[in-house]
Amino acid sequence: MDNKPDHCRVATTMDMIIGKWKIAIMLNLIHYGTMRFSELKHVMPGVTQKVLTSHLRDLEQEGIVERVVYPQVPPKVEYSMTEYGKSLQTILEMMHEWGEAHLQRKTQTLFSQGTDNQNDKDD
């Protein structure tokens, strides 16, 4: 990694994966493998059809997700992670681990502050 902050590409990575549902889409495709649109919508009940479609298109344009359309009636469309997209798995796992550690730290800090406040009241 180039040590100069103005050459850092973390922002490039974050810009590509940020979107309320993009990480969930990628994690589901990594975990379950190839999925149809309706299956993705089912495992992410809060996502709207419009947003899911938009995020899938974004990820497809970036080469992260592959979309395969089967010429049949009714149309069948499947989504999967590309080999390139799978390279994000380690990054996503590391971000998950950091998030877990951060939440534990926050919980410990809040618990510690609560104990300190209780001790102040006892004095």
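User: Which strands does helix α2 lie across?

Analyst: In this predicted model, helix α2, residues 22-32, lies across β1, β2 and β3. Its direction is at about 90° to that of β3.

User: How should I read the burial pattern of such a helix? Which residues of α2 are buried?

Analyst: The general idea is that an α-helix has 3.6 residues a turn, so residues three or four places apart point the same way. In α2 the buried residues are K22, I25, M26, N28 and L29. Viewed down the axis of α2, these buried residues fall within an arc of 165°, so they line one face of the helix.

User: Which exposed residues does α2 carry on the face turned away from its buried side?

Analyst: That face carries H31 and Y32, both exposed.

User: What follows α2?

Analyst: G33 follows α2, and the phi of G33 is positive, near 85°.

User: Now the sheet. In what order do the strands stand?

Analyst: The order is β1-β3-β2, in an open sheet of 3 strands with antiparallel pairing. β1 (35-36) and β2 (65-70) stand at the edges and have a single partner strand each, so one side of each lacks a neighbour in the sheet.

User: How many bridges join β3 to β2, and how many pair β3 with β1?

Analyst: β2 and β3, the latter covering residues 76-81, run antiparallel and are joined by 6 bridges. β1 and β3 also pair in the antiparallel sense, over 2 bridges.

User: How enclosed is β3?

Analyst: Of the 6 residues of β3, 5 are buried, so the strand is largely enclosed by the rest of the structure.

User: What is the general rule for side chains along a strand?

Analyst: In a regular strand the side chains alternate between the two faces of the sheet.

User: Is E78 buried or exposed?

Analyst: E78 has a relative accessible area of 17%. The cut-off for buried is under 20%, so E78 counts as buried.

User: Which residues are in contact with E78, leaving aside neighbours within four places in sequence?

Analyst: E78 is in contact with T34, M35 and R36, and also with E66, R67, V68 and Y70. With Y70 there is a polar contact between the side chains, at 2.9 Å.

User: What is the general idea behind a salt bridge, and how many does a search of the whole structure find?

Analyst: Side chains of opposite charge can pair when their charged atoms come close. Searching the whole structure gives 3 salt bridges.

User: Which residue does E78 meet in a salt bridge?

Analyst: The partner is K76, with an N to O distance of 3.6 Å. K76 counts as partly exposed at 23% relative accessibility, whereas E78 is buried.

User: Which residue forms a salt bridge with K22?

Analyst: D58 does, and the closest N and O atoms of the pair are 3.5 Å apart. The pair links distant parts of the chain, with K22 in helix α2 and D58 in helix α4 (residues 49-61), 36 residues apart. K22 is buried at a relative accessible area of 7%, while D58 is partly exposed at 29%.

Note on methods: Residues numbered from 1 in each chain as written. Predicted model: local features only at pLDDT ≥ 70, side-chain atom pairs only at ≥ 80, totals over all residues. Heavy atoms only, no water. Pairing = 2+ DSSP bridges. Helix = DSSP H or I, 4+ residues; strand = E, 2+ residues; numbered from the N terminus. Contact = heavy atoms within 4.5 Å. Axes fitted to C-alpha atoms, helices over the stretch in contact; angles between N-to-C directions. Buried < 20%, exposed > 50% of the residue type's maximum accessible area, 1.4 Å probe, protein only. Arc of directions from axis to C-beta. Polar contact = N/O pair within 3.5 Å; in protein donor to acceptor, adjacent residues only side chain to side chain. Salt bridge = Lys/Arg side-chain N within 4 Å of Asp/Glu carboxyl O.
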